[in-house]
There are 2 protein chains.
Amino acid sequence: MIRVLLVHDEYLVRSVLAEWLRQESDLTVHDTSWRGAPGMMRSVRPDVCAADLECADSYGIPPLGELCRPGPERVRPRLLVLATANRPGLLKRAAEAGALGYVDKEGSPQNLLRGIRRVAEGERFVNDSLGFGFLKAAEMPLTRRELSVLSLAAEGASIAEIAGSLHLSHGTVRNYMAAITRKTGARNRIDAIRISQGQGWL
Amino acid sequence: MIRVLLVHDEYLVRSVLAEWLRQESDLTVHDTSWRGAPGMMRSVRPDVCAADLECADSYGIPPLGELCRPGPERVRPRLLVLATANRPGLLKRAAEAGALGYVDKEGSPQNLLRGIRRVAEGERFVNDSLGFGFLKAAEMPLTRRELSVLSLAAEGASIAEIAGSLHLSHGTVRNYMAAITRKTGARNRIDAIRISQGQGWL
């Protein structure tokens, strides 16, 4: 039997998905939201955690790090993510968090079953249709530092506030913002935020 | 029999939801994306259109107007929306488009079945748990004009570009932006966009 923890923030959708998965005789399925996920990881200790990359909290950025923290035997949970090619920033985050499986939400539900079984065996699973998304993720032009600056700006922080929280001078923050605007091909700061959110980088 | 058109932008999710709905002996179910929805409305002519309010296009604002246009016999399609209380702007748009039913995605899938059957009879259906969202929608502080200005700003347009597309003077656009920032309780323009997108107003 494969123990699956399904993570999705919409109770209606995850109930129906979980019910659908339970029709398979080799799966035991628990389900939870992103908020409940770290606790359920500890109590259920699933063979595979299948998590939707959309998240209702923190501007849609799922707390993948918390989910992927190694357990007491230092074993990393096997993570399979439900993703779309047009959020390359989220794909990149999932890859950095060490996700083994990538199922395209634009594809057939059968991929989810195939993905769960492959990842349960410790093998990689990637839908070909996500390829373009990975390519775009690899081209992400911003550094970690630039992303921190832009994230604070996107939360409405002023130059002075950003400078204060990152221990930088005002001039340095302005230089970062200029570099970000140039590298994202944006017209201005708001456009840079819009482009970066659209790509799932923020 | 009730003819249902299910609209959801994620093929994986809508396939499983449609399959789940098809277990009910009184429902015939078709499914499509938001992009395909207007065409399917004309060909399927459903008794109920059950549409997820999340949309992959146009910054997440679903084209509800297109969906609710009256057909050849001037009958308005009966619309049931899948919504969450924390996107009051989208609830408001659905109400303005004349949606009859409102199912909370945070609630049980059984609500979807109840909602479809009620709306098919031409009756209103609203999950109580969406009440707070409707309250917040009623409190939406921005006028239509202010929303147009803010939408253009959110797309990265400059004051000059906004003035040009709305046929306003630069000073008027600046006044609108100041009013928007004040009314949304924001710290600055970027914060006003963030707050308004978070509320689903944009």
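Modeller: The copies meet through the same surface, because 100% of the interface residues of chain A are also interface residues in chain B. Contact here means heavy atoms within 4.5 Å. This is a predicted model: local features need pLDDT of at least 70, side-chain atom pairs count only at pLDDT 80 or more, and totals for chains, interfaces and linings use all residues. Residues are numbered from 1 along each chain as its sequence is written, chains are lettered from A and ligands numbered from 1 in the order in which they are written, and side-chain values use heavy atoms, with hydrogens and water left out.

Next, a residue of chain B. Ser196(B) sits in helix H10 (residues 189–198) of chain B. Helices (H or I, at least four residues) and strands (E, at least two) are DSSP runs, numbered from the N terminus. Ser196(B) counts as buried, at 0% relative accessibility. Buried means under 20% relative accessible area, exposed over 50%, and partly exposed in between (1.4 Å probe, protein chains only). Leaving out residues up to four places away in sequence, Ser196(B) touches Leu142(B), Leu150(B), Thr184(B), Trp201(B) and Leu202(B).

On to the sheet. In chain A, six strands form an open sheet in the order E2-E1-E3-E4-E5-E6, with parallel pairing. Two strands pair if DSSP finds at least two bridges between them. Strand E2 (27–32) and strand E6 (125–126) of chain A are the edges, each pairing on one side only. Inside chain A, strand E3 (residues 48–52) and strand E4 (residues 79–83) pair in the parallel sense over four bridges. Ala50(A) has Leu80(A) as its bridge partner in E4(A).

Leu80(A) also belongs to the largest nonpolar core, which has 48 residues. A nonpolar core is a set of buried Ala, Val, Leu, Ile, Met, Phe, Trp, Tyr and Cys residues joined through side-chain atoms within 4.5 Å. Leu21(A), Leu80(A), Leu112(A), Ile116(A), Leu21(B), Leu112(B) and Ile116(B) touch the most other members. Neighbours within four places in sequence aside, Leu112(A) contacts Trp20(A), Leu21(A), Ala50(A), Leu80(A), Leu82(A), Val103(A) and Leu12(B). Apart from this core lies another, of 47 residues, among them Leu142(A), Leu168(A), Met177(A) and Ile193(B).

Last, the rings. Over all chains, the structure holds two aromatic pairs. Rings of Phe, Tyr and Trp (its six-membered ring) pair if their centres lie within 6.5 Å; planes under 30 degrees apart count as stacked, over 60 as edge-to-face and the rest as tilted. Tyr102(A) and Phe134(A) are edge-to-face, because their ring centres are 5.1 Å apart and their planes lie at 80°. Tyr102(A) is in strand E5 (residues 101–104) of chain A and Phe134(A) in helix H6 (residues 131–138) of chain A, 32 residues apart. Tyr102(A) is buried at 2% relative accessibility, whereas Phe134(A) is partly exposed at 24%. Tyr102(B) and Phe134(B) form an edge-to-face pair too, at 5.1 Å centre to centre and 80° between the planes.
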